[in-house]
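Me: Could you walk me through this protein chain in plain terms? I would like to start with the whole and then look at one residue.

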Amino acid sequence: PESFPGVLDDMRIYDYVLSDEQIAALSGRPYGLVGHWTLDETTGTTAYDTSGNNFDGTMTNGLDAGNDSATGAIGTAIGFDASDDYITTTTDDALDPDEVTVCAWVNRVGSGSADAWQEIAGNGWFQNYGWNLNLEPEATNIQFFVNRSGARDSASYNIGDTSGWHHYCGVFDGTYAHVYADGVLGDTSVATSLDDSSRAFMIGD
């Protein structure tokens, strides 16, 4: 055999068979990841999608990383004014799957009583289509909504206080809606169906 003419790195051996998902994660592109916005920008108005799918977002209504960059749970983050700014991406079907998991690090600031709810991310419209991950009531609960024509289903978790950094996930598996906070499953609820969305995936609105 000939010696290898190149550079090697991070060699591993496992004593079990890895799944497709685990192998994808080792390659640096986790299995099924369709969008990943680190929100680490410190200049400009583009929120770059690092998933490889190029679903970059546009900061809207005065949101600007040059002014609104903040200390994050991981690296830097983007601060929203709870008024009218948000990040909009695209209506591409890849961001509107039949089954979905959405996760984010979230730090609510302020009194926690300005609004009955605050949207973290989603492509949903109330009792019409899509899904939303919300703080509702904003001071205490994380909720994941699954919308269909004329109705919506939700999973809700009261964590006591939503201020400070928390990691939230909403999941729809085709039958149930699930919501997690800081790695803990908080609630599971029957979700009859999820209607396809015609709305762009948005962050902060």
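Reply: Happy to; here are a few questions and answers on the chain and then on one of its residues. This is a predicted model, where local features need pLDDT of at least 70, side-chain atom pairs count only at pLDDT 80 or more, and totals for chains, interfaces and linings use all residues. Residues are numbered from 1 along each chain as its sequence is written, and side-chain values use heavy atoms, with hydrogens and water left out.

Me: How many helices and strands does the chain have?

Reply: Helices (H or I, at least four residues) and strands (E, at least two) are DSSP runs, numbered from the N terminus. By that count, the chain has two helices and 14 strands.

Me: What share of the 205 residues is buried?

Reply: Buried means under 20% relative accessible area, exposed over 50%, and partly exposed in between, with a 1.4 Å probe and protein chains only. For the 205 residues of this chain, the buried share is 37%.

Me: Where does Leu33 lie, and is it buried or partly exposed?

Reply: Leu33 sits in the loop between helix H1 (20–26) and strand S1 (46–47). Because its relative accessible area is 29%, Leu33 counts as partly exposed.

Me: Which residues is Leu33 in contact with, leaving aside its neighbours within four places in sequence?

Reply: Contact means heavy atoms within 4.5 Å. Val102, 69 residues away in sequence, has its C-alpha 10.0 Å from that of Leu33. With neighbours within four places in sequence left aside, the contacts of Leu33 are Ser51 and Asn53.
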